[in-house]
Amino acid sequence: MANPADASLSDTLPRWDLSPAYSGFDSPEYRRDKEALPALGKRLEELAASDAGKDFETWLRSYLSLSEDSGRLYGGLASYAHAVYSTDTTNAQATTELNQIEELGLALKRADVAFRNALKKNEACLRPLLASSPEFHSYAYVLEEELIAQSRQMAPELEDLSADLERCGAEAWSRLHDSLSSTVDCLWEPSSGERKTVIELRNLAFSADRAVRQKAFTKELECWKSIEIPMAASLNGVKGCNVILDARRGWKSALERAAFQSRMETKTLEALIAALEESQQLFRRYFKAKAKALGLPRLAFYDLFAPIGSASSSYSWKESSDFIVERFFSFDPAMGAFARRAFSENWIDAQPRQGKVGGAYCTDLANIRQSRILCNYEGSFYSLVTVAHELGHAWHHECVKDMPLALAGYPMTLAETASTFAETIVFEDAIARCGKEEKLGLIDLHLRDGAQIIVDILSRFYFEREIFERRGQGEVSPAEFSRIMLEAQGKTYGDALDSDAFHPYMWAVKGHYYYAGLSYYNYPYAFGLLFALALYARFRQEGPAFAASYSSLLGMTGRASCESVAAAAGFDIKSKEFWLSGIKVFEAQIERFENLVGES
């Protein structure tokens, strides 16, 4: 399956096909839907503001129906515009369309505020209806959630002002980060004049040549240094908006709001963080063993993704797609057929290029009930697993796509469970089939991914918590951002990494920090990893029959808390022991890795 790395790999990678949604911003279909959205928004606003008490049941039914129609229309337009923009952040028309769609969406946000107020005003009618009506019973959790959100919103005119200002405030700062991080580059080879973007430099972290990795790391830091002032302004802007609005809305902290958005109890979050903290020494053993395997006294940050063994081979796009489809079929034929469709119909934009954002994501085109995936494929097994991860998100969406939007809006914690479960299927099947000479490399791949989520994610959590505390007191300088990041990395990586070779600009690298509406875009990855491992253990026990249970579980993720979804699978996630049981999977692998390194 594996071939030597191909320099022309990027030229053969697919770009996604968005035409089933819209063929372009000037297409009749796009213009038609964009022109229809204001009228729908106005109707929704008027309905939300009408007297719900006259006939509450009819009013609620009408609102949910109209909200469905307007939400799918807005979601399709917004996702399409963002998809075009994210593959070319220099596209002026895409930026204009994004801004215009956001402005049209303000009516929907005003309607949401009025809807919550109406629910609160008619709470005496709502609760008996949820208890007695089969039609509305499935909405019980999400409507109770709306009542909590109502207690954390400002007066309607202030919420309207906030939503309007956000477009030229936090959202604009976020787009600045996207634009800068996707276009900044440097001179790589003076003799040829070759330049590389920072995304291309970061992909070189997977090189087997340490000199290349070190050079790319040094060049990457130079890139971030050259734009640290606007990047710091961007992060200050986003977090400053968060701090002000959280206080105005009565949240105790951004973390309290994040837990609410994650649909998890504080006790669950505390148990998860405690388990992560308890596992840091375990992963330091892995880092030290990897350093030994690489012949180094200690790893530098640019060694974290260094390949070991024959798993360092490169995979063509076709090899990766065939590999993933086969593995998904081994779990669930429906999931395998879905992945085959995604590949054959070009749902994936895999080609790295100037102006395209880094990383990977999956987006839902709500108007056509399809997903699209963005990634920056570079041929490694890690990159292959990233595609499987994003296809896990897409499969999750496939399992809820025909539900009302109000019941399909799952939180990031459960979203990352689905994606991580998908990548676990790929990895576990791969390691079961590989020869002895590949095992060391594949185990290293899994451990380094786990380390990113157990170790690096905890450092990001520490960093963001400190930034929110500091941002409440004033703006943070670029130097302070870097200092706080280095301190956070020191708390988690400890003496397992060379402290002189940490990554001070990870605050600029990770776009997650710059999301206006979702703070702490980090711990949900740890939640998803460890919950996915627990679900995979059930699959190993139950066999093929578990596939139907898994799809059913995904189906309830938009209308239940994390605790309820986990309970349906037979787990108590408020216990630290649950999270530590997932980490034991890595403990066994680290022991095996240490033994293999010792034998080599």
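Okay, let's start with a helix pair: α18 goes past α19 in a right-handed crossing. Before I go on, keep in mind that what you're looking at is a predicted model.

So, the geometry. Two packed helices get described by the angle between their axes and the distance between the axes. For α18, which is residues 333-344, and α19, residues 381-400, the angle is about 110° and the axes are 10 Å apart. An angle from 65 to 115 counts as roughly perpendicular, so that's what we call α18 relative to α19.

Who's touching whom? On the α18 side you've got Ala334, Met335, Phe338, Ala339, Ala342 and Phe343, and they meet Val387, Leu391, Ala394, Trp395 and Glu398 of α19. Sort the contact of α18 with α19 by class and you get 10 nonpolar residues, no polar ones and one charged.

Okay, second pair. This one is α16, residues 280-293, with α27, residues 576-599; their axes come within 10 Å and cross at roughly 25°. Anything under 35 degrees counts as roughly parallel, so α16 and α27 are roughly parallel to each other. The handedness of the α16 and α27 crossing is left-handed.

The residue list is on the slide, but let me read it out. From α16 we have Leu282, Phe283, Arg285, Tyr286, Ala289, Lys290, Lys292 and Ala293, and from α27 it's Ile583, Phe586, Glu587, Ile590, Glu591, Phe593, Glu594, Val597 and Gly598. By class, the contact of α16 with α27 splits into 10 nonpolar, one polar and six charged.

Take Thr268, sitting in helix α15, residues 266-278. Is Thr268 buried or exposed? Its relative accessible area is 0%, so it's buried, the cut-off being under 20%. And if you skip the neighbours within four places in sequence, Thr268 is in contact with Glu563, Ile573, Lys574 and Trp579.

Next, Lys196, in strand β2, residues 194-197. Lys196 is also a buried one, with a relative accessible area of 15%. What does the Lys196 side chain pair up with? That would be the side chain of Glu194, through a polar contact of 3.1 Å. Again setting aside neighbours within four places in sequence, the contacts of Lys196 are Asp185, Cys186, Trp188, Leu201 and Leu204.

Now Asp429, over in helix α20, residues 412-433. With a relative accessible area of 15%, Asp429 is buried. Look at Arg327 here: C-alpha to C-alpha, Asp429 and Arg327 are 6.7 Å apart in space, and in sequence they're 102 residues apart. They're in contact, too: leaving out neighbours within four places in sequence, Asp429 touches Arg327 and Ser330.

Last one, Ala208. Where is it? In the loop between α11 (198-203) and α12 (210-226). Ala208 has a relative accessible area of 63%, so it's exposed, since the cut-off there is over 50%. For actual contacts, beyond the neighbours within four places in sequence, Ala208 has Arg213 and Pro307.

That's my set, so over to you for questions.

Technical notes: Residues numbered from 1 in each chain as written. Predicted model: local features only at pLDDT ≥ 70, side-chain atom pairs only at ≥ 80, totals over all residues. Heavy atoms only, no water. Helix = DSSP H or I, 4+ residues; strand = E, 2+ residues; numbered from the N terminus. Buried < 20%, exposed > 50% of the residue type's maximum accessible area, 1.4 Å probe, protein only. Contact = heavy atoms within 4.5 Å. Axes fitted to C-alpha atoms, helices over the stretch in contact; angles between N-to-C directions. Parallel < 35°, antiparallel > 145°, perpendicular 65-115°, else oblique. Left-handed = near helix turned anticlockwise from the far one by under 90°. Nonpolar A, V, L, I, M, F, W, Y, C, P; charged D, E, K, R; others polar. Polar contact = N/O pair within 3.5 Å; in protein donor to acceptor, adjacent residues only side chain to side chain.
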